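Q: I have a structure open and want to go through a few local details. Can we take them one at a time?

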Amino acid sequence: MKLRRLKVDGFGALKGEFFFSPEHVALIVDDNERGKSTLLAAIAAALYGLDGDRRTHRLVTPRDRWRPWDGGPYRVELDVQVSGEDFCIARDFARDTVAIWNTRGQEVTAEFREGKDEYPVGKRWTGLDADEFAKCALVGQNELDAVVPVDEKSRRGSTLHARLENAADTRVGDTNATEAIRVIEIALRKYTCPEVESSGTIDTALARLETKRGLLDTELRALEHDFAGIAEPLDALVGLVEEERTVREGLQRLDGERSNALASDARRQLADDRLRRDELARLVAEADAAASAAHLEPNTEAEFREVVARYEEAARGLQALEERRREELAREREKRGSELGELARHADRTAADADRCVAVAAELRRIAEDDASTRTAVFTLREALARQGHDPERIQSLSARFAKRSDAEQRLLRRQNDRALVYQTEVAQLEQMRTGSTEVLREIDALRNRWRLPGWFLTALGLAAALAGVVVQILNGLPVLWTSLLAAGATLLILGLGLLMAGARARAAERAASLRQLSEAQRRLHQMRTDRAEAEVGLAELARAMGYRDQVDLLREWSEYARLMEESAPALRAQEQLATIEARRRQAMEAARALVAADTTGGGERATIEPADLERVAQDIRRALALQQRLVDLETGWEWMAEERRVAEAAATGLKDRAVRILHTAGLAYDPSLSWAEHTRELAERAQAQARHALLTGELIPQAEGRVLAAGRAAELEHQLRAIETERVEAAGAEGAASRAPLEIEAEGRRLREALDQLQKRRTDLRLEVEEVLRRYQTEHPDKTAQRERIDQALLRARRFKAAADLAKETIASVATETHRRWADYLNQRVTQLLGAFGARVEQLRFGDDLDFSVKLWNGQQVARGRADLQLSAGAKDQLYLAVRLAIAEFLSRGQSPLPLLLDDPFATSDDERARAGMKLLIEHFAPLHQIIVLTCHRRRYAALAQMDEALYAERVRIFEIKTTGANAAT
């Protein structure tokens with residue numbers, strides 16, 4: 001697998017596009033915090049994706065860790081070459097999408113899908129998952145020892161152990177002994193036996209099968225014993241049937257005696273019912289006689305007496321109210337008339353006149369304030385103009401000369417200065433537009449000529465070939481010859497005409513647009529020049545009319561006039577405001593004289609009227625209006641008493657109407673000739689009739705109806721009596737003894753029914769006992785027999801499976817020993833060679849079955865891996881683990897696509913000599929097979945190494961920095 005290009009739209013602090021050359025070692029040299037380690041993480045993320053499961057990563061998930069710092073797109077693209085074919089992997093982590101394209105532009109994403117929504121592309125190409133790839137190919141800073149876990153359990157559970165076995169066992173690495181033994185052991189631990197519902201170990205399944213077989217044998221023997229014991233209950237059932245028949249005959253005889261007793265009781269109930277119905281009819285007739293008073297309410301009489309008393313009291317109150325009203329009205333009218341005589345001069349004024357007086361007074365005050373402030377402002381502005389050196393006579397002279405000019409002439413003068421600047425700018429733009437359009441037209445014409453020349457040539461050649469074919473045909477030449485000439489001529493003619501048409505239509509829309517743009521620019525230039533000439537003519541005529549030598553003097557005087565008008569504009573505006581204020585004062589004073597003229601106390605006509613005079617007149621007008629309103633209110637102010645009278649009259653009328661309605665409700669007619677006492681007496685008689693009717697309908701009649709039998713019940717008794725008499729006639733010959741008392745009949749009936757129940761219960765128990773035993777035998781015996789046969793077969797199958805698994809484990813274990821020896825020998829030899837190339841003082845290295853190893857130092861001392869970590873220096877230890885990683889990567893690449901080696905500062909702890917030796921080893925021995933990318937922040941060290949081995953680095957190494965990726969730097 002070879003990395004070609006990495007494009008990062010946003011990944012942590014990294015952003016840019018990186019090109020890699022697999023034939024060269026990529027040496028990325030840059031400062032810290034520039035994104036070097038992020039570059040390796042981005043490559044791994046593109047190959048394997050980023051995990052976003054918060055259950056596994058509680059603090060921060062890898063997806064959250066590498067989010068862009070600037071909050072932009074979160075996306076990477078990686079171009080990879082595998083087995084001569086190019087692929088492009090695009091992952092958008094913000095949207096959680098992935099797309100994979102091959103060289104032919106086909107999307108092949110579905111081919112790399114695993115599980116539900118996972119696309120581990122790197123696993124398909126390298127045979128390693130993300131963790132294994134990080135251990136072997138991706139060497140992070142200070143993570144060289146991660147290839148071999150410290151914990152023994154982690155080492156034995158590491159899938160890297162299985163990958164080494166795969167590479168040693170087969171050429172393509174698709175199986176291993178450890179996985180096979182583990183699968184067999186899992187099968188022995190998870191043996192599924194549906195007969196006993198077991199998914200445990202094979203021994204547990206065997207024990208459960210033997211136990212279930214013994215249980216089935218016991219149940220079958222119990223079923224056979226129960227089936228033999230049901231003969232005696234069958235004989236007892238026959239005797240119980242005869243006893244039940246005898247008891248049922250006794251019950252039939254008792255039913256006849258019970259029928260006689262029921263007939264006597266029915267006759268007695270029917271006779272009592274006839275007497276009760278006669279009494280009910282009498283009560284109903286009496287209730288019908290008093291029905292006319294039934295609708296009368298119980299408290300109608302008391303209510304009528306109360307309404308009559310209230311009506312008489314309301315009539316007496318009306319008379320007293322009218323006398324009081326007449327006395328109060330005369331006294332108030334005399335008092336208001338004397339006050340109104342003092343303000344008779346304002347009798348014809350209205351409230352609007354008073355409001356007008358107040359408004360004019362307020363206007364006079366505002367005018368005085370505005371006049372004072374404006375005069376102060378005019379004085380201040382004039383002083384400011386004098387200090388600036390302006391000559392009032394000069395201002396008046398220029399104003400007299402230019403102010404009387406027409407609006408068109410002043411507009412021509414104002415626009416002249418702006419027109420010159422706009423003219424120069426727009427002319428330059430139009431000239432540029434015209435030049436650009438001309439160049440485009442020339443380019444299009446040149447392009448069309450290039451198409452037309454070969455078109456005319458091919459057309460002429462086609463016509464010549466066709467003419468030659470016609471001549472050969474006329475001369476009876478070979479058919480093949482003239483046919484070929486005609487076909488070639490037609491083909492060339494078509495090609496030539498096609499080229500001519502293509503040349504005629506080439507960039508037609510662009511040419512039309514350029515022509516329009518050129519015409520518009522020329523038209524606009526002509527118009528601007530015409531406008532400018534007309535403006536200059538007008539200025540010259542205006543200068544001669546005003547007595548100036550030329551238009552330059554005119555424009556200079558106009559500029560001075562405009563500047564003076566602009567600077568003296570505030571003073572002129574203030575002067576205009578003074579004139580406006582004076583006009584407002586005259587208008588307000590005329591309005592004030594008109595308002596005060598009718599006031600006799602104002603002294604007649606005045607030259608000046610003060611706001612206080614207007615406010616006094618407004619106050620007198622409002623007082624006169626208030627007195628007039630009180631006189632009007634005096635007449636209408638007693639409306640409350642009239643309203644009270646109307647209320648009292650309405651109340652009295654309502655009470656009378658209510659009393660009449662009560663009489664009508666009671667069924668009586670109101671007679672004005674009769675007194676209210678006589679009407680009260682008649683109402684009392686109606687109330688007594690209503691009380692009797694309520695007693696009859698509420699108590700006596702319902703009680704009588706309750707004692708009468710219901711119609712259905714009486715009909716039922718008569719029907720029952722007729723049926724009993726009919727049965728007695730039919731059974732008269734069977735009855736030989738006199739009927740007994742009902743109690744004796746019921747006692748004997750209970751005794752016989754109890755005996756019958758006992759017999760039926762005993763018969764039912766015996767039948768259920770026999771049927772249950774028979775049903776269980778017929779249902780369970782065949783089923784349990786079949787179960788026992790299946791258990792025997794399952795027991796035999798489980799024993800055979802256990803024997804086969806034990807045999808397979810023994811065989812595979814012997815093969816695994818040879819496999820482990822094979823990859824361990826390779827790693828022992830290769831790591832020792834690599835350490836020698838680094839210059840490390842290690843004589844020998846031995847790997848065990850669990851990937852742990854021991855080291856033999858230069859002094860012959862043999863130490864384990866854990867002790868070597870403590871004894872060796874940081875540089876020697878890093879070189880040791882780097883050699884282990886390189887050897888494992890070489891071993892895993894056999895027969896597969898070689899792994900790329902991504903190294904983040906692997907020689908950070910090494911001295912210069914060993915760093916030089918390590919880099920030479922990577923460049924000379926590993927770079928021809930593996931693509932190598934080395935990241936470091938030690939700029940000076942690697943610059944010195946490049947100078948020491950200048951030819952080697954110049955030929956095999958490409959150096960660049962992360963910060964140059966903005967220009968898409970290639971490596």
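Q: Is Cys-357 buried or exposed?
A: Cys-357 is buried, at a relative accessible area of 0%. Buried is under 20% relative accessible area, exposed over 50%, and partly exposed in between, with a 1.4 Å probe and protein chains only. This is a predicted model: local features need pLDDT of at least 70, side-chain atom pairs count only at pLDDT 80 or more, and totals for chains, interfaces and linings use all residues. Residues are numbered from 1 along each chain as its sequence is written, and side-chain values use heavy atoms, with hydrogens and water left out.

Q: And Cys-88, buried or exposed?
A: Cys-88 is buried, with a relative accessible area of 18%.

Q: How many disulfides are there?
A: Zero, from a search of the whole structure; a disulfide here is a pair of cysteine sulfur atoms within 2.5 Å.

Q: Switching to Pro-611: which helix is it in?
A: Pro-611 belongs to helix 17, residues 611-637. Helices (H or I, at least four residues) and strands (E, at least two) are DSSP runs numbered from the N terminus.

Q: What does Pro-611 touch?
A: Leaving out residues up to four places away in sequence, Pro-611 touches Ala-361, Leu-364 and Arg-365, where contact means heavy atoms within 4.5 Å. Its C-alpha atom is 8.9 Å from that of Glu-363, 248 residues apart along the chain.

Q: Which residues of helix 25 are buried?
A: In helix 25 (residues 939-948), these are Arg-941, Tyr-942, Leu-945 and Ala-946.

Q: What do the buried residues of helix 25 pack against?
A: They pack against strand 3 (25-29), helix 24 (912-926), strand 12 (932-936) and helix 26 (950-956).
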